[in-house]
Each structure stands twice: as C-alpha cells, then as structure tokens.
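Keep it short and group the points by topic.

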Amino acid sequence: MRTGVIHDLGYQRYTGPRFGRGYAFRTLYSHTLRTSFGLGRGVKAKIFSWTIIGIITLVAVVLTDIGSQSSEPVMTSPMFVDNMATLTILLLAAVAPELTSRDQQTRVLGLYLARPMRREDYALARLAGAVTAIFLVLAGPVTLMFAGAALSTDKGASGVGDAAVDWLQGVAHSATHALVLGSISLLAAALIRRRAIAAAAVVAVFLVGLPAVGVAAELSGSQGATELVSMVAPVAALSYLDTWLYGGSDLDIVHGPWLLLYVVAVIAACTALLVIRYRKVPA
Amino acid sequence: MSVVGVLARITIRGLLGRRRFLLLLPLPLLLIAAATIGRISGVDPSRWADAVLSQVGFAVVLPLIAMIVGTGVLGSELEDGSAVTVLTTPVPRGTIVLTKLAVAIGVTTAATALPMFVAGVIVDSVRLGVGLAVGAFVGTVAYTTLFLALSVVSRRPVLIALGYLVIWEGTLVTVLSGVRWLSIRQFAVAVSDRVASTELVTGTLSSLYAVLATAVLAVAATTLAIDRLSAYSVRGETG
Amino acid sequence: MSAPTVPDTRPDAPARAVLEVRGVSRWFGNVVAVNDITMSIGTGVTGLLGPNGAGKTTLLHLMAGLLQPSRGEILLSDAPVWRNPAIYASLGLVVDREDTYGFLSARELVEATAALHKLPHPRAAADRAIAMVGLGSAADRRVATYSKGMRQRARVAAALVHDPAVLLLDEPFNGMDPRQRLDLMELLQRMGEAGRTVLFSSHILEEVEQVSQSIQVMVAGRLAASGDHRAIRRLMTQRPHEFRLASSDDRALGVALLRLESVTGVELEPPGLLVRTRDYGAFARALPPAARAAGVRLYQVLPADESLESVFSYLIEGGQ
C-alpha cells in the first residue's frame, strides 16, 4: 500500500505583498468600463451599446458636415449633448442593470466583498465606471465635431479658437450629463433585482417628469416657474443649465444658480443613496 | 383543476406574488396624482390634459407596464428555465401562450385602463374616462401580444422593447410622420379620441385603422409566439 | 425514513420503451456540442457518463424535445420528440441547471404538474410522488426555501408524478447528501426493475457504477463507448489488462507466466504479482495449467483495473 501525500503548493501561506483596496477599486472600475461597452464578451453584448454610440456619432458627423458647409454651426456642442439625452438614457437603461441588478440577483456581490473591497468601494467603482463610459460616449463625438469644425473653418485662427471654446463647453456639459444621468440611473437600477424591470425603471424615472415641464411652460408662461418645475425632469433641467452657462439660444435663464445647485445636489444625493443602498443589500 | 386554470394561477402568482405587484403601482398612481394636481390648479384642462393623458399616460405608463408584464409573463420563465416544468407536459403550446396572454392583458388592463379611466374622470368627464380606458385596452392588447412574442423570439426582449418605445414611438414619430401608422401609441390615442370624442385627446390616425391594425398585430404576434414556443430550443451552453 | 413504495405499472404500459437517437448532431455557432451520436436506450437504468463539457446536458435536452437537432433525429417509441408535446405523457425530465417555480410549495408544484398532465386524481398522484422522493414533511413549504437536494427531489417528484415510461435526469445527485443520494439511487433502481427506462447523466463514476446496468460514455460530444462497462473494458484489447495474483510461490509463478505468449509483463508487487496481458481470454485459459505445471497453488486472481474509473480514463485520454 502506498501512503497518501498532500502537496504544499504554497499559495495558502503566501506572505508576500498583496494588492490592496486601491487595486481592487481600480480593477472594478476598469471592468465596469469594459462591461459598459461590451468589451471582452461576445458580439451580442456589444450590439446595443455600439448601435447607440454609432447613432450618436453619426449625428455628430452629419452636424459637422452641415456646419462645414454653412458658416454657422447648426447647434452648439452642449446643445448636441442635450439632444442626445434620449439615446443616453437608452444606453443607461441597457447598461445600468448589468452593473447593478445582475450582481445582486446572482448573489455575486458576496464574492466581490470577500476581497479587500468594501461596499462603498463597490458602489463608487461601479458609479465611476458608468459615468466615465457615458462621458466618453458623449465627449467623443463632441471632439469629432470640434475636429471637423476646426479643419473646415474659413476664419482662420479665430475660427479654431471659437471651435475650441465650443469644444470645451461641450466636454464640460458631457461630464455634467454623465454625472447626473449616470448617478440617477445607477441608483434606480440598484434598487431593483430583475434586470428587465430595472431597465424599465431607468427609462421611467427620466420620462415621467418631462410632460410636467411642458405643462408648466403652458400654464405659467413664466420662464422662472418653468425652470423650477424642470427640476422634476433632470433632462430638461440640464438643458436649461446648458443655456445659462453656455448660451446658444435666446432664452433668458432666470434661476441659473439654483439649477446649478440642483445639479450638484442631485449628483451628491444619488451617490450617497447608492452607497447606502449597497451598505444594506444582502450579499 | 383545469389546465388553463392551473396555468393561469401559476402565472398570476409568478407575476404578482409576494409584493411584486407593488412595482406596478408607482406609475398609475403618478398618473392619477398628475391629473389631480391639474384639476386642483383650476386651470382649463385643454392646456394640460394632453401632457398628462397623452404624454404621461399613453407614452409612459401604458407601454412600460405592458412591457414589464408582457415580457415577464413568459420571458422570465424561459430565461431562468422554470418554463421547462410546463413545457415538459402535453399541454398544447397554443394553450400556454393564450393563457399567459390572457393573464398579461388582464393584469395590464387593470393597471392601466383603470387608472386612465380615473384620470379621465378627474380631468373632465366619465365619457373621457371611458374613452381613455378603451384606448388603453386597445394599446394593451397590441403591446402585450407584441412583447410576449418578443420574449419568445429574443433573449433580450426588454432592450428591444425599450428601443422600440423610445426610438421608434418616441423620437422617430416626430421626425418622420409616416411612422405613426406603425406606432401602437397612436393606435391607442386614436381609439380614445374616437370614443371620448373630445379635444383633450387628439389622435392622428383613423380609429378604424387603429383597431384593425391592432387586431392584425395581435393575431400575427400570437401566431408567431405559438409557433416559436412549439419549436423552443433551450438557450445553449455545452455541458 | 422508511423506503417509499413503487407505483403499480400501468396495465397498458409498453413492454419496452425505446429511445432512439439517430445520427444526431447539435452545434452552437462554432462549437459542436453533440457530434454524430447514434444510440439506443432500452428499459432499465442507463448511465450517461462523461466529463464536464462532454455534451451530456445538451444530449438530454435533445432527447426531451427541448432542443432541435442540427442534424439527425430522435424517436421515442417510434414517435419524433421534436415539436411533439404528446410524448411528455410518457417522458419526465429533470435538469439540474434549470430552476422551477420557487414561489410554489413542493406539493403545489407536483399537483399542478399532475393537473397539467390531465391526471384524473392529481392530489393523490402528487401525494404518491412526494412520498416516493421522501419529501413528506417539507412538502408544504415554498420551494425557494429548500436546500439544493430538496429542490432536486421536488423536481424529480414533479417529473414522475404522471408515471412516465421514460425518465431523463441530468446530474440528479448533485447537491444531495449521502442519505438522499442512496434513497434516489434505490428509487431509480426500482423504477428500472419495474420496466421503466431511466437515463441519468453524471461525471461521478461510483454513482453510475452502482445504479446502471449499461452505460453510454460521451467524450467531447462524441459517443465513445456503450454497453456494460466490464464488456467495454474487454473490448479495449489494445490496452493491457492487469491481474493481481496471489499464490504459494510468486517467483516461480512469475517465471512460468513469462513463458506464456499472452503475457506481456510480470511485476513482483508484494503481497502478490502484477501480471499484464494483451489477451484476456487467452490468459484466463492459460493460467491454471501454467500454475499447475509450476506446482504453484493460486490463492487469488483479480482483474486489477476493471473499474469504471480506468475505463473512463482510458477513453478520455483517447487510448494513450
């Protein structure tokens, strides 16, 4: 009879350096980014995200083309970002449940937390990844538009300068959109375990308030009141904010500072609530 | 216990059991709240009824609830494999589809046509309420059969449904006017307009066309769903 | 827990329910999950053996009419299984991977299944099925609260509530504790003896060895072997058989055996001899005279590697 032996492969008693919290956070962040674009998975995971990205880019290309033929750009970059809000929401409706609901439903969250990752880290990494993804989806075409405008301008240096200013505003507004829409979407999706319902919830949250803005404009006739009501519909509020900060239309925004405060408050509140949600979710 | 009865009971409990039905409440309540606020404000309804009834009711509440119920009633069972319990019985696939469809339409109607009726009464009159309810019912039949067929045919029915709702019915309709002939939302609105006969809700299509189109869609979608369920192949993984 | 009783065989039950698989292939994109399999499953218990990823679950789904073959056909008592819900009156399926309605209790689940099968007394049939799998005490709790083994048993009960002639199970012993496993093995054995056709898949060799009369071995989508595992072993004449012998004089016996043509190797391995031979039959015939001629008494002649394990490994390694 031979005796049995269990071999010591060594990894259970590893005493060398280990990557810590920061590494775990960064890894989850980059993984979130990749999931948002469907990278590293099959074709089907990419279809939806990339179709939307394609449409947004296409619109940007078309606008650039039109803009290059006339001397005035059709719309400012921030306005472009506002107009793409519907598509952005659709993208978030597809992506946010994958980032939040799926881990909860399959109880994979516990696996993440068994590592040097805390619940807050998980929530914030997911949020950061999603926000970055949306930012790239919006800022990319904006940059494309800048390139097109700069190359085709016939006003020389000042033309390029104008285009650069517009580009900076577009990028800033892309970031604002990414932060606001991203934080709201992730919070909405994190509250619901089934992906289908989470997707519907993301869409509902943004669409439900919109009619109120139209009604307010109708009823009150006052710009100020409409702006205040627009706080029910983040997309509309962002549009007013854009006009206040960057101009581009004839509207005189009355409550600009309040809108700015609102945006900051929404981002902060949603982030905080997301963290709280993940503190309480059972792994 | 009849076969249909058993299927219906399982489906209802799966959909609504244990507080899950609470998820269906916020949207209709919001609709009624909006109508109430508008009424209390004392402003003439013609200035805000369209926003509340059409844009919140027909554009958001109806399609989203129909989507949640329509894709959930069969789709979620196909996705997690619990449909195999029913599929490995001799029950005809047509019976399965029709029973689940009936449950879905029933639940969605209760969650949409009823609140729409209430909203209509609040906004204006019983006639408006009835018109809205009928329109919502027509929309329910169209949406539910479409989404149920989608859940059998595709692995991600919700995304396709959202794409259809947001892009096709939402955006494209404003850009390309021909699209409205194929927009379920317009069917629902058209029928409401005809029944309620009011300026508070205006459709852009003939109500007769809307009803016929809904019937055609319902039959086609149901037939497709039954055929595809008869030839249902479990999602692939080697093992 | 007392042993549950076997239901009476229906008077009109077929004498032999045969599952015929003819040239069936199934691929998913580039991956061929099942590769040109032809097999015939008769009454009794058959084990479908293979490592993970061999395509066992796919084959079971194909047999149950839940997956369309990319090529070939599958017949149950001469009726095609695809697009034919009528076969489910004689077929039950339990797949480990698939969930069931967690919000129902086991009793409600089995009773509902019985009603869907249009059984005349669904409540009685359900009670019998639940007793058969030994779920009696927990049958009224929601399935979602069950442990994995109990959930499996609930699904088995639902699959045999209508007394099917054919029962297909995919890794049924997964998640069961030893006692539950024994009970289920006994149940399957009794069903096989009563004339049912039971096919279950597993990658655990002891389970298959203990319960099934014949095995089908699948490796990488192909059917590598069918039949009795000992008979399969004997067919593999290329790999030397090994025997352990114990005798009154091992060295003398070893010398004598080396003279035999059928013997390829002899090893002194206390407390006996390890003999390798290419020809099972010839060696078996030649051993007794050789031993007698050498004046050695044989105490033990044991085939050393007839276990399913060695058959299995041999097949997996592709005969290396």
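Of the contacts in chain B with a separation of 6 or more, what percentage comes from residues 24 or more positions apart? Those residues account for 76%, where a contact means two C-beta atoms, placed from the backbone, within 7 Å. This is a predicted model: local features need pLDDT of at least 70, side-chain atom pairs count only at pLDDT 80 or more, and totals for chains, interfaces and linings use all residues. Residues are numbered from 1 along each chain as its sequence is written, while chains are lettered from A and ligands numbered from 1 in the order in which they are written.

**Chain B overall**

- Chain B has nine helices and zero strands; helices (H or I, at least four residues) and strands (E, at least two) are DSSP runs, numbered from the N terminus.
- For 239 residues, a compact globule would have a radius of gyration near 18 Å, and chain B agrees with 18 Å. The radius is taken over C-alpha atoms, and the globule rule is 2.2 Å times the number of residues to the power 0.38.
- The C-alpha trace of chain B spans about 65 × 40 × 30 Å along its principal axes.
- In chain B, 55% of the 239 residues count as buried. Buried means 20 or more other C-beta atoms within 10 Å of the residue's own, with C-beta atoms placed from the backbone.

**Helix α7 of chain B**

- Helix α7(B) covers residues 157-175. Its 19 residues should span 27 Å at 1.5 Å a residue, and its end C-alpha atoms agree at 25 Å apart. The expected span is 1.5 Å times one less than the number of residues.
- A kink of about 25 degrees is centred on Trp168(B). The bend is the angle between axes fitted to the seven residues ending there and the seven starting there.
- Buried residues of α7(B) include Pro157(B), Leu162(B) and Val166(B).
- The buried residues of α7(B) pack against α2 (43-69), α4 and α9 of chain A, and against α3 (49-80) and α6 (126-153) of chain B.

**Chain A with chain B**

- The contact takes 18 residues from chain A and 23 residues from chain B.
- On the chain A side, α9(A) gives the most, with seven residues.
- That side has 15 nonpolar, two polar and one charged residues. Ala, Val, Leu, Ile, Met, Phe, Trp, Tyr, Cys and Pro count as nonpolar, Asp, Glu, Lys and Arg as charged, and the others, Gly among them, as polar.

**Chain B with chain C**

- Here 29 residues of chain B are in contact with 35 residues of chain C.
- On the chain B side, α1(B) gives the most, with five residues.
- The residues of that side divide into 13 nonpolar, twelve polar and four charged.

Note on methods:
A residue is buried if 20 or more other C-beta atoms lie within 10 Å of its own, exposed if 12 or fewer, and partly exposed in between; C-beta atoms are placed from the backbone.
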